[in-house]
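Keep the structure open while you read.

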Amino acid sequence: MQDVGGTESRKKDHIRIALTSNVVPERFRNQFDQVMLVHEALPSIGIDDVSTSTLVFGKKLEAPIIVGAMTGGAPGTEVINGNIAEAVEEAGLGMGVGSQRAALMKSSLEYTFRVIRRKAPNALVLANLGASNVRKMSSADLKRAVEMVEADALEIHLNMLQELLQPEGEPDFKGLEERLDGICDEVGVPVLIKETGSGISRDSALRLNGRKVAGFDVGGAGGTSFALIEGKRRTDNMAEAFSDWGIPTVASVMEIRSVSDKLIVASGGLRNGVDVAKSIAIGANLASFARPVLRPAARSSQDVKGFLDQVKLQLKMTMVLTNSRDLESLMKVPYVLFGDMADWAEQRGLISKVR
Ligand SMILES: Cc1cc2nc3c(=O)[nH]c(=O)nc-3n(C[C@H](O)[C@H](O)[C@H](O)COP(=O)(O)O)c2cc1C
C-alpha cells in the first residue's frame with residue numbers, strides 16, 4: 001500500500017473541514033422531523049422503570065448509542081480518539097474508529113488508534129477499513145486492524161461517492177462482494193457493512209444479506225456529506241452537484257429492515273435522543289452520531305460525555321412518552337411519516353411495513 005503521507009493529510013483536512021464548515025446539505029437535514037412517534041398520554045411507566053440497555057456482539061451497552069467512525073491515522077487525532085473513548089467507557093456506550101489504513105501502512109501511527117483501548121477497556125469498539133483497500137488486503141492486515149483496537153467487530157465502509165470525488169480516490173470496489181465471505185471467515189469478529197453518507201438500499205442489502213456479514217451501518221444522506229467535504233478540498237465545483245446525493249437515513253433503515261433481520265445501525269444526520277428513539281421505532285438496533293461529537297471531542301472527554309448523557313436522557317424521556325419500558329417495546333411503537341419520507345416509503349412499497 002502506498003500514499004501514507006496523502007492519507008495522513010487527507011484525514012487532517014476532513015477533521016478541519018468538518019469542524020469549521022457547513023457540511024450538512026439542506027435537503028433531508030430535517031428528515032427525522034418527518035417521522036412522528038405517536039404520543040401516549042397515559043403511560044403506565046415512570047422514567048425509573050425504563051431500561052435502555054442492549055447487548056451487541058456480547059457487550060452490554062447502557063443505551064443503543066455509538067459514536068460513529070471518524071478519526072485516527074494522523075498525529076494529533078489520538079486526542080480526539082482518546083476523548084471519545086474515555087466518554088463512551090464512562091457512559092457504557094460504544095464507538096467506531098476512523099479508517100485504519102494509514103496505521104496499517106505506517107505502524108508508527110498505530111498509537112492514534114491504540115489509545116482507544118487504553119481509555120476504553122470495556123466499551124464496544126468497531127474497527128474500520130475502506131472497501132477499495134479491503135478487497136486487496138491480506139488476511140494478516142485485516143487481523144492487524146482488528147487487533148490494533150481489540151475490536152468487537154469490523155466495519156467495512158463503502159464510500160464510492162467520496163472515492164469518485166477525491167483527487168487521490170480509488171473508485172473501484174470490484175471483487176469485494178466475492179471476497180466478503182472470505183473476509184468474514186478470516187477476521188474472527190463480526191463484519192458490518194457501512195456507508196458514509198449515501199445510504200444502503202434494500203437491493204444492496206439483499207445482495208449483502210446473503211453473505212456472512214453481521215449487519216449494516218446505513219450512513220444515510222442527511223448528515224455529514226462527503227461531497228461537501230471533498231468539494232472544499234477541490235479547486236473546481238464538480239462536487240456541488242452531489243451534495244445531497246443518496247438515500248436518506250430514515251429511508252435506508254426502512255429499506256434494509258424490509259429485507260433483513262440483521263443488525264442495523266442508523267447513522268447520518270441524527271441530532272438528539274428523540275432521533276435515536278425514532279431510529280429504533282423504524283427498525284434500527286443502534287443509533288450513531290459522528291460529526292455532532294467532533295467539536296466536543298476536540299475539547300475534552302467531559303464535553304463528549306455531556307453530549308452523550310443528554311442524548312441518553314432524551315431517549316429515556318421519549319420512551320416514557322411512548323410507554324416503552326424497554327427497546328423491544330420501542331421497536332413496536334406506532335409512528336406516522338410525513339413529506340419526503342412518506343413519499344419515499346410509498347413509492348418504494350415500504351408503506352405496508354409502517355405501523
Ligand atoms: C471528520 C469525519 C471523518 C470520517 N471518517 C470516516 C472513516 O474514516 N470511516 C468511516 O466509515 N466513516 C467516516 N466518517 C463518516 C461517519 O462515520 C458517519 O457515517 C457520517 O459522518 C454521518 O454521520 P453524522 O451525520 O452523524 O456525521 C467520517 C465522518 C466525519 C465527520
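The points below go from the whole chain to single residues.

The model is predicted. Its protein chain comes to 16 helices and twelve strands. The radius of gyration is 19 Å, close to the 20 Å that the globule rule gives for 355 residues, so the chain is as compact as a globular protein of that length.

**Overall build**

- Taken along the principal axes, the C-alpha atoms of the protein chain fill a box of roughly 60 × 40 × 40 Å.
- Of the 355 residues in the protein chain, 54% are buried.
- Take the contacts between residues at least 6 apart in sequence: 80% of them join residues at least 24 apart.

**The nonpolar core**

- In soluble globular proteins, nonpolar side chains tend to be buried together.
- Here the largest nonpolar core has 112 residues.
- Ile-84, Val-88, Val-125 and Leu-154 have the most contacts inside this core.
- What does Ile-84 touch, not counting residues up to four places away in sequence? Its partners are Val-67, Met-95, Val-293, Ala-297 and Val-304.

- H16 covers residues 339-347.
- Met-341, Trp-344 and Ala-345 are buried in this helix. They lie on the same side of H16, because they cover an arc of only 95° around the axis.
- An α-helix has 3.6 residues a turn, so residues three or four places apart point the same way.
- Which residues of H16 are exposed on the other side? They are Gly-339, Glu-346 and Gln-347.
- The buried residues of H16 pack against three elements: strand S1 (35-37), helix H11 (249-257) and strand S12 (335-337).
- Gly-349 follows H16, and its phi is positive, near 70°.

**Helix H12: mostly covered**

- H12 spans residues 273-281, and eight of its nine residues are buried.
- The buried residues are Gly-273, Asp-275, Val-276, Ala-277, Lys-278, Ser-279, Ile-280 and Ala-281.
- Gly-283 follows H12 and has a positive phi, near 135°.

**Val-23: a buried loop residue**

- Val-23 sits in the loop between H1 and S1.
- Is Val-23 buried or exposed? It counts as buried, because it has 22 C-beta neighbours inside 10 Å, and the cut-off for buried is 20 or more.
- Leaving aside neighbours within four places in sequence, Val-23 is in contact with Ile-17, Ala-18, Thr-224, Ser-225, Leu-228 and Ile-229.
- Val-23 and Arg-291 are 268 residues apart along the chain, yet 9.4 Å separates their C-alpha atoms.

**Thr-54: a strand residue**

- Thr-54 belongs to strand S2, residues 54-56.
- Thr-54 is partly exposed, because 18 other C-beta atoms lie within 10 Å. Buried would need 20 or more, and exposed 12 or fewer.
- Not counting residues up to four places away in sequence, Thr-54 touches Leu-61, Pro-64 and Leu-327.
- Thr-54 and Leu-286 are 232 residues apart in sequence. Their C-alpha atoms are 9.0 Å apart in space.

- Most residues other than glycine have a negative phi, and most peptide bonds are trans.
- Where does Phe-57 lie? Its place is the loop between S2 and strand S3 (59-61).
- Phe-57 has a positive phi, near 50°.
- Phe-57 is partly exposed, with 17 other C-beta atoms within 10 Å.
- Glu-150 lies in the loop between helix H6 (139-148) and S7.
- The phi of Glu-150 is positive as well, near 40°.
- Glu-150 is partly exposed, with 14 other C-beta atoms within 10 Å.

Note on methods: Residues numbered from 1 in each chain as written. Helix = DSSP H or I, 4+ residues; strand = E, 2+ residues; numbered from the N terminus. Arc of directions from axis to C-beta. Contact = placed C-beta atoms within 7 Å. Rg over C-alpha atoms; globule rule 2.2 N^0.38 Å. Core = buried A, V, L, I, M, F, W, Y, C linked by C-beta atoms within 7 Å.
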